[in-house]
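Welcome! Here is a short briefing to read alongside the sequence and the 3D view.

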Amino acid sequence: MARAFILVLDSFGIGEAPDAEAFGDVGADTFGHIAEWCAAGNTAPDRAQAGPISIPNMVKLGLGKAAELATGKTHPGTEYDGDITGFYAACAERSFGKDTPSGHWEMAGLPVEFDWGYFQQAFPSFPDELIGKLIEKTGIPGVLGNKAASGTVIIEELGDEHVASGKPIVYTSADSVFQIAAHEEHFGLQRLYDVCDAARELVDDYNIGRVIARPFVGENGVYERTGNRRDLATPPHAATLLDKLEENGREVISVGKIADIFAHRGVTRKVKANGLDGLFDLSLKMQKEAEDGSLTFVNFVDFDQSFGHRRNVAGYAAALEYFDTRLPEFLDAMQDDDLVILTADHGCDPTWPGSDHTREFVPFVAYGPRFMTGSGGQRKSFADIGQTVAKHLGIAPLAEGESAH
């Protein structure tokens, strides 16, 4: 029986979406700007070598061609005259937002065609009533931050005060999110999770998509976030591909934060790892263990949280090159009826002003020993990915999306 694998390169957009103007993202191009930065001969500690980006395995599958469908141009480092071995397309997003849940739910066949609630960017971001209820409910002595901020920056700014006062750091972004950062040892990891659980209940009144626990460690102004992040998402508003597979008795394996994004619905097994290397190692392990008829859904979060949001072009380029060197391990272990899809949930152009996501096409690059090859053109929804997987695994069609085959 067939198996399917969705590998999400979190934030790997391939060019401005048709509605980018509505989001202030005209000209955004995560992949294109990284490729141009590399081709210009730039170097940095995260990418010591100079010269065009080197991702030959993804290019051979059709990634460069997918980017051409989105932008109309060939990016340096993606030139290729040989036979493309995969299927490639560029997917636009139907969902109203450019956030993580919207992107993932849509690729699982459920576009988010309503507006999330958002907190204001300026201090104070959160309503006094909300903060007051959180303090009352959890017994915390107060909060720090209370504004839109980069997670790493605000921890550097307020980490010492947090350790001294015991007040967690709360902040938001352009997404529908309430984030809470606290020190794993001085504040306590489980205590942070408990505070986030309380916050999750409270923000439902504001229609907020996610509460995120952001634990960190370190001392005396030198702090580092750990891999114990936890996302508390509101449940999908209707059935997704994951739910349909579970209803059919299929195995659905979450690798990384996928289970959190779907509020643990439709997931039959969940595993986590830290770092791009750890997530790839775990993906290979799940590939060996996945049952016939199963879906393994992986989120490689580092592209987004470590490089996109931090506007680290060199780090993003190096991460793409690392991923590409590991990809043959996955492809070589595929069974005859397997299908693997490389895609993304939104953009996060590291050359773009600010630190938020960007509204972009995402790649739909698919490969299977028996799967079709060639261009699938521009697609109108990420839901085409979920519909393709549903057909490949032999379940009833989803309510949204058009299968690629």
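A residue is called buried when its relative accessible area is under 20%, exposed when it is over 50%, and partly exposed in between, using a 1.4 Å probe and protein chains only. Please keep in mind that this is a predicted model, where local features need pLDDT of at least 70, side-chain atom pairs count only at pLDDT 80 or more, and totals for chains, interfaces and linings use all residues. Residues are numbered from 1 along each chain as its sequence is written, and side-chain values use heavy atoms, with hydrogens and water left out. Helices (H or I, at least four residues) and strands (E, at least two) are DSSP runs, numbered from the N terminus.

**Two loop residues with positive phi**

- Histidine 264 sits in the loop between α9 (258-261) and β10 (269-271). Its phi is near 65°, a positive value in a residue other than glycine.
- With a relative accessible area of 37%, histidine 264 is partly exposed.
- Asparagine 220 belongs to the loop between β6 (210-219) and β7 (222-225). Although asparagine 220 is not a glycine, its phi is positive, at about 50°.
- Asparagine 220 counts as exposed because its relative accessibility is 70%.

**A cis peptide bond**

- Phenylalanine 123 and proline 124 are joined by a cis peptide bond, with omega near -10°.
- Proline 124 is part of the loop between α4 (100-107) and α5 (128-138).

**Helix α12**

- Helix α12 covers residues 313-332, which makes 20 residues. The expected span of a helix is 1.5 Å times one less than its number of residues, so α12 should span 28 Å, and its end C-alpha atoms are in agreement at 30 Å apart.
- Of the 20 residues in α12, 14 are buried, so the helix is mostly covered.
- At the N-terminal end, asparagine 312 caps α12: one of its side-chain oxygens lies 3.4 Å from the backbone nitrogen of alanine 314.
- A kink of about 30° is found at arginine 326, shortly before proline 328. The bend at a residue is the angle between axes fitted to the seven residues ending there and the seven starting there.

**Aspartate 304**

- Aspartate 304 lies in helix α11 (residues 302-308).
- Aspartate 304 is buried yet has no salt bridge (a side-chain nitrogen of Lys or Arg within 4 Å of a carboxyl oxygen of Asp or Glu).
- Beyond its neighbours within four places in sequence, aspartate 304 is in contact (heavy atoms within 4.5 Å) with Asp10, Ser11, His309, His346, Cys348 and His357.

Definitions and conventions: Polar contact = N/O pair within 3.5 Å; in protein donor to acceptor, adjacent residues only side chain to side chain. Lys, Arg positive; Asp, Glu negative; His and termini not counted.
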